[in-house]
Amino acid sequence: MSLVLASAPAPVVDYKALSPLIATSGGSMVVLLAGLLRPRVVQRAVLPALALAALGSAIGLSIWVWQPGDVKPIIRGALSVDTLGLAASLLFYAAGIATVLLSMRSPAPGQAGRGEYLTLLLGSISGMVVLAEAENLVTLFVGLELLSIPLYVLCATELRRRTSLEAGLKYLVIGSVGSATLLYGLALIYGATGSTDFSGIGAAIGQRVGLADPLLLTGIALSATGLGFKGSVAPFHQWTPDVYQGAPTPITTFMAVATKAAAFAVFLRFFDQALLSSQTDWGPALAALATATIVIGNVGAIAQRSLKRLLAWSGVAQAGYLLAGVVVGTRLGLQATVFYLGVYLLMNVSAFAVVAARERVSEHGDDLASLQDLGSAQPWLAWPMTIAMLSLAGFPATVGFIGKFYLIDASVSGDYAWLGVVIVVGSVVSLAYYLRVIAVMWMGRYEVELPTLPRRRVRPVAGWSPEADARAQPELLAVAVLCAALSIVFGIVPGPLFHVAREVGGALASAFNG
């Protein structure tokens, strides 16, 4: 027996392609071990620095292994380190860096343990990378669970706040339902096609199994439902507002951008590669889901006063826009979706950074009233939030406008022109709540004042403290200003993002050309 095992060929491991994933998973272990050291400087400075170093290394390694075009899967066909997976991974790393910075003054890491908190964050990012690069059904589910389980815990890391614990429990229960639904759907697809590899599934559909096979169609429906839970697609979005409001704001930021990016990355790979042959069957169904998601998300956001709930409902609507790029099943749809995922990160991180800065110092928490007269009190926070809201609404000269235009172009080119009209109508409706946020910041109450002696230039006693000054939270201010500035820069000069999107489109060129 030992001779047989000794003669078996050892698997070939492409360590270069795996290096970004090794950086995040290895970094999580280093942070966990370093977290055992109790000195204050280690907890507050060294641990965040190690997490940032791991994420920065992963970004550099991803750029190093970037290779446009079709790439041969690694680890016996389990992962595909192509431009689609690497582009999605870069979004995860960027979201992770923003989350680490937003968490530096948050109570959540101190209450849960800074080492454990950052380890769970890096572990969730590793799961997202596996999910985005998955090339078979088993790897897909492993990546989904590695992504989800740390997030269940991270949502409940503010141990002294009831709503945080409630958010963790809600996400655990509903996330488990979504995972079970997805697993059942994947099992049915395997039963219908006899393969777990995406390439094998794509080859079987239309050859060994008919396009109208009930087992296959049921599996596709359940798989779309399970992924819809993660992507906040209506009607599987019910958890989103409650969990976003209850979770610590840095974790809400991470979930809003990274989890959505991971869900739609696997949506694109699974549906546009493995299931592309049956696009005429699942396309209209996903188009109906996209329409419902846009309508429900925008209507639900109008009545919200909590900024985190407002952004949660906004995220539901944005998921509908993103789903339009999946529906068409074309290379242009893939490029438009990846492009919009990148700009969505900039817009949302900027908005959530301002929310985090205000809720820590305002008696109103994350209520809309916390932004009242922010334009005159702290313009360095008001301007990033203004740009984020305008970009989310799709105003010209912002990157959100370019992203929505790209999705509309993909919809029209893919014979779903009516879905492009829905995107336009949804964007118009969204002005009702995006402009309301801007109005609260810049259009305070007007009061007539009689001429008096010149007022002394001192800060009012009520509502001010050193912590309330934006300069007391430089990391939040830097994140908000940087993301807002990039939203304007790429809105005026979108060429670099278009170039990256075109290279990502080549990752599944064989599927589209086949």
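Reply:
**Salt bridges and their surroundings**

Arginine 162 and glutamate 166 form a salt bridge, with 3.0 Å between the closest N and O atoms. The term stands for a side-chain nitrogen of Lys or Arg within 4 Å of a carboxyl oxygen of Asp or Glu. The model is predicted, and residues are numbered from 1 along each chain as its sequence is written. Local features need pLDDT of at least 70 and side-chain atom pairs count only at pLDDT 80 or more, while totals for chains, interfaces and linings use all residues, and side-chain values use heavy atoms, without hydrogens and water.

Arginine 162 and glutamate 166 are four residues apart in helix α8, so about one helical turn separates them. (Helices are DSSP runs of H or I with at least four residues, strands are runs of E with at least two, and both are numbered from the N terminus.) Arginine 162 counts as exposed at 61% relative accessibility, while glutamate 166 is partly exposed, with a relative accessible area of 30%. (Buried means under 20% relative accessible area, exposed over 50%, and partly exposed in between, using a 1.4 Å probe and protein chains only.)

By the salt-bridge rule, the count comes to nine. Another of these joins the side chains of aspartate 242 and arginine 309, at 2.8 Å from N to O. Aspartate 242 belongs to helix α11 and arginine 309 to helix α14 (residues 307–327), so this pair ties together parts that are 67 residues apart in sequence. Aspartate 242 is partly exposed, at 29% relative accessibility. Arginine 309 is buried, with a relative accessible area of 18%.

Arginine 305 and aspartate 367 also form a salt bridge, and their closest N and O atoms are 3.0 Å apart. This pair links distant parts of the chain, 62 residues apart: arginine 305 is in the loop between α13 (279–302) and α14, and aspartate 367 is in the loop between α15 and α16. Arginine 305 counts as partly exposed, at 44% relative accessibility. Aspartate 367 is also partly exposed, at 21%. As for shared partners, salt bridges join Arg162, Glu166, Lys170, Asp242 and Arg309 into one network.

Back in helix α8, which covers residues 162–193, there is also leucine 169. Leucine 169 is exposed, with a relative accessible area of 54%. Isoleucine 174 is placed in helix α8 too, and counts as partly exposed at 26% relative accessibility. The C-alpha atom of isoleucine 174 lies 7.0 Å from that of tryptophan 239, although these residues are 65 apart along the chain.

Next comes the loop between α10 (214–231) and α11 (239–246), where proline 235 is found. The peptide bond leading from alanine 234 to proline 235 is cis, and its omega is near 5°.

The aromatic residues come next. Rings of Phe, Tyr and Trp (its six-membered ring) pair if their centres lie within 6.5 Å; planes under 30 degrees apart count as stacked, over 60 as edge-to-face and the rest as tilted. This rule gives a count of 16 aromatic pairs. In one of them, the ring centres of phenylalanine 198 and phenylalanine 270 are 5.3 Å apart and the planes are at 45°, so the pair is tilted. Phenylalanine 198 is in helix α9 (residues 198–204) and phenylalanine 270 in helix α12 (residues 249–274), so their pair ties together parts 72 residues apart in sequence. Phenylalanine 198 and phenylalanine 270 are both buried. Phenylalanine 229 and phenylalanine 236 also make a tilted aromatic pair, with 5.4 Å from centre to centre and 40° between the planes. Phenylalanine 229 is buried at a relative accessible area of 14%, and phenylalanine 236 counts as buried at 16%.

One aromatic cluster is formed by Phe198, Phe264, Phe267, Phe270, Phe271 and Trp282. Helix α12 also holds arginine 269, which is buried, with a relative accessible area of 0%.

Aspartate 373 is not a glycine, yet has a positive phi of about 60°. Its place is the loop between α15 (331–359) and α16 (374–377), and aspartate 373 is partly exposed at 29% relative accessible area. Aspartate 415 likewise has a positive phi, near 65°, without being glycine. Aspartate 415 is in the loop between α18 (399–413) and α19 (417–442), and counts as exposed at 68% relative accessibility.
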